[in-house]
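Here is a short report on a two-chain model. Please look at the sequence and the structure, then read on.

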Amino acid sequence: MGEAKFDNPTEALLARHNAPRKGSDWAERTRHAARERTLGMGAAGRRDEYWRYTNPTSLNAFETPDVEILQLEEVPVFDGVEKLLITFVDGVYSPELSDDLSGEGLEISTLEDALSADIHWASDVFGVLETNGQSPVNRPFAALNTALAGQGVVIRATGKVSKPVALRYCRENTTSDALIHHVIRVESGADLSILENGAGASRLNTVMEVDVADGGSFHHLRAQGRDHTRLAMTHIFARLGAESHFKSFTLTVNGRLTRNDVVIDIVGGNTKASVAGACLGDGDFLHDDTIFITHDAVNCESRQVFKKVLKNGATGVFQGKILVKTGAQKTDGYQISQALLLDDDSNFLAKPELEIYADDVACSHGSTCGAVDENSLFYLMSRGIPRAEAQNMMIVAFLDEAIQEIENEALAEDIRARLLGWAERHKG
Amino acid sequence: MFEIKNLKASLADEDKQILKGMNLSIGAGEVHAIMGPNGSGKSTMSYVAAGKGGYVVDEGEVLLNGANLLDMEPDERAAAGLFLAFQYPVEIPGVGNMTFLRTAVNAQRKMRGEEELNAAQFLKIVREKAKSLKIDADMLRRPVNVGFSGGEKKRNEILQMAMLEPKMCILDETDSGLDVDAMKLVAEGVNALRDGERSFLVITHYQRLLDHIKPDFVHIMADGKIIKTGGPELALEVENNGYADLLNEVA
């Protein structure tokens with residue numbers, strides 16, 4: 001109903017969010033440019049190459065869907081870990097539910113505060129990595145986010161950060177439409193871990209810009225919200241310097257629509273990057289991982305490991321690209337996307353892409369989809385394990401290659417337990 | 001104890017009958033061996049008894065202590081006391097051997113209404129049994145059968161058998177792919193499980209295994225049926241003369 005008021009869907013997109021608190025000149029210039037960028041590229045549509053499998057209509061709609069808030073009885077994910085907790089409620093930072101914004105080895109502030117100040121390094125990252133990630137593929141939801149997001153955190157890691165920074169996204173309102181934007185700089189030799197969990201809003205749009213300097217390490221572990229009909233459009237834009245490490249893992253169970261874009265530019269040599277994800281969907285569920293890794297330096301390694309378990313008509317999408325630029329010799333690229341379809345109604349749509357301009361590289365990619373292996377199932381059952389339990393063991397086993405990408409064993413175990421919990425609840 | 005009565009079974013995909021009226025009766029504590037030429041239906045018999053998919057039972061019964069196994073799911077057959085040592089143990093990446101063993105042991109105990117073993121109890125038992133089969137901690141930690149050598153896979157089968165303490169064990173060509181030492185080790189594992197109550201059916205091509213696991217009876221199977229039954233000497237006869245004479249005898 002609201003859309004009729006606007007000349008085009010892009011204006012509607014920009015009009016549905018309130019303007020954020022005004023920042024410094026540099027920040028406002030960045031926001032203004034992002035607004036122009038959004039208008040220039042237009043809203044995402046089914047005719048766009050990277051939106052062919054995922055319908056962006058519900059993400060574009062002026063109205064926010066009414067999404068029931070999931071009441072969880074179990075201990076929240078990552079609860080057992082010592083962490084610096086930062087909470088957002090319906091996309092708004094909550095000081096009451098957060099720890100003090102300070103910690104060993106890091107400088108941290110809210111996006112609002114950082115954009116009002118003159119933080120030199122932040123102006124080199126905020127909106128900059130997002131802009132870099134707009135070529136060659138337009139990502140209008142990311143530009144929209146830069147233009148209008150007023151909430152988020154700005155973190156600079158200067159040394160080994162003792163505790164992970166845990167970003168928790170809670171919900172109170174059933175029709176919240178949130179934009180969250182994080183800006184992160186990992187300085188040379190610093191080591192930072194970020195944990196994210198929760199649905200955060202009925203419709204959530206996040207951008208995380210991560211600039212990892214030479215020799216820096218960044219670990220990211222995310223458990224997306226389990227509220228059944230929530231929508232999420234997330235982005236990670238990373239720039240990786242020489243001899244740096246980058247790891248990101250996402251667990252997704254439930255959610256009507258999830259689109260996770262990860263754009264990584266490897267600009268310094270001897271760097272290692274890994275992006276992985278495990279998702280489980282039952283019924284009204286669409287999960288889309290769209291990954292773009294650019295190698296523009298020698299002797300770097302990148303891995304994409306994505307596993308999806310789908311049933312009752314759930315859909316999984318994987319669009320993964322490795323671009324190796326001229327001169328990025330000795331690149332080692334690995335990409336695997338696999339789906340386990342538990343019935344005939346579920347779908348897996350995969351588009352692996354390699355574009356290689358260097359002549360001394362090793363890139364491997366694979367994509368498979370299939371049912372639970374009957375031989376393995378029989379083997380387990382012949383030892384007395386009932387069918388449903390045996391199938392769940394197979395599900396968890398199938399996802400394990402992705403879980404193994406998580407470096408911290410305790411966190412990996414937590415993720416495994418969540419997977420098994422989901423499988424138990426959705427048994428049969 | 002274990003009885004196969006007039007068992008007829010076909011491949012589900014092709015209209016081809018493999019078992020054509022098989023009869024076999026094994027008493028408590030007995031060891032029987034089945035030998036026979038390739039394609040005679042030995043492995044099919046073991047799969048049909050254990051409940052593998054892809055076969056249709058046309059007629060007959062497989063009874064364990066009077067209960068018809070053919071009416072049960074594979075896991076229920078296991079809980080009822082049947083164990084099949086696979087000719088080709090399946091590799092299951094991502095499932096730890098130890099987790100698998102404990103899940104299996106406890107699933108069976110649960111189904112039988114017994115108390116489940118806790119982690120400490122289980123660990124104590126598994127370590128003890130693994131040691132006698134020369135299975136080290138690393139093999140227990142690794143994913144089920146992944147990266148195991150042929151001998152390790154077969155020893156792992158025997159370990160599962162030892163942990164699950166079945167009433168009736170079918171060993172499908174457990175000696176295939178084993179060197180002499182590995183075969184001895186496996187045979188010792190089996191012999192250690194002989195307690196006068198537990199019964200065994202050993203499917204093999206070679207008499208050699210029967211030097212180590214001494215059978216009470218030897219059956220010759222051909223074209224989906226048992227065609228001759230005798231004592232251990234029958235295995236020696238096959239070893240020396242092959243199956244031709246036996247097959248002619250029947251024909």
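## A buried strand in chain B

From strand 9 of chain B, Met168(B), Ile170(B) and Asp172(B) point one way. Cys169(B) and Leu171(B) point the other way, and all are buried. Buried means that 20 or more other C-beta atoms, placed from the backbone, lie within 10 Å of the residue's own; 12 or fewer is exposed, and in between is partly exposed. In a regular strand the side chains alternate between the two faces of the sheet. Strand 9 of chain B (residues 168-172) has five of its five residues buried, so it is largely enclosed by the rest of the structure. Strands (E, at least two residues) and helices (H or I, at least four) are DSSP runs, numbered from the N terminus.

The model is predicted: local features need pLDDT of at least 70, side-chain atom pairs count only at pLDDT 80 or more, and totals for chains, interfaces and linings use all residues. Residues are numbered from 1 along each chain as its sequence is written, while chains are lettered from A and ligands numbered from 1 in the order in which they are written.

Strand 9 of chain B pairs in the parallel sense with strand 6 (residues 82-85) of chain B, over four bridges. Pairing requires at least two DSSP bridges between the strands. Here Leu84(B) stands opposite Ile170(B). Strand 10 (residues 199-203) of chain B also runs parallel to strand 9 of chain B, joined by five bridges. Phe200(B) in strand 10 of chain B is the bridge partner of Cys169(B).

## Helix packing in chain B

Helix 3 (residues 97-111) and helix 6 (residues 150-164) of chain B pack at about 30°, with axes 10 Å apart. Axes are lines fitted to C-alpha atoms, for helices over the stretch in contact; angles run from 0 to 180 degrees between N-to-C directions. The crossing of these helices is right-handed (the near helix is turned clockwise from the far one by less than a right angle; anticlockwise is left-handed).

Leu101(B), Ala104(B), Val105(B) and Gln108(B) of helix 3 meet Gln160(B), Met163(B) and Leu164(B) of helix 6. Contact means C-beta atoms, placed from the backbone, within 7 Å. The residues of this contact divide into five nonpolar, two polar and no charged. Ala, Val, Leu, Ile, Met, Phe, Trp, Tyr, Cys and Pro count as nonpolar, Asp, Glu, Lys and Arg as charged, and the others, Gly among them, as polar.

## Helix packing in chain A

Helix 2 (residues 25-41) and helix 7 (residues 140-148) of chain A pack at about 150°, with axes 7 Å apart. That angle makes them roughly antiparallel (over 145 degrees; under 35 is roughly parallel, 65 to 115 roughly perpendicular, the rest oblique). Their crossing is left-handed. The contact has six nonpolar, three polar and three charged residues.

## The sheet of chain A

Ten strands of chain A form an open sheet with mixed pairing, in the order 2-1-5-7-9-11-13-15-17-19. Strand 2 (92-94) and strand 19 (362-370) stand at the edges with a single partner strand each, so one side of each lacks a neighbour in the sheet. Neighbouring strands are turned by 10° against each other on average, direction ignored.

Strand 17 (residues 332-341) and strand 19 of chain A run parallel, joined by nine bridges. Ile336(A) has Gly366(A) in strand 19 as its bridge partner. Helix 9 of chain A packs on the sheet, touching strands 13, 15 and 17 of chain A.

## Where the chains meet

The contact takes 18 residues from chain A and 21 residues from chain B. Helix 8 (374-381) and helix 9 (387-403) of chain A each supply at least two residues of the chain A side. Helix 9 gives the most, with seven residues. The chain A side divides into nine nonpolar, four polar and five charged residues.

Conventions: Two residues are in contact if their C-beta atoms, placed from the backbone, lie within 7 Å.
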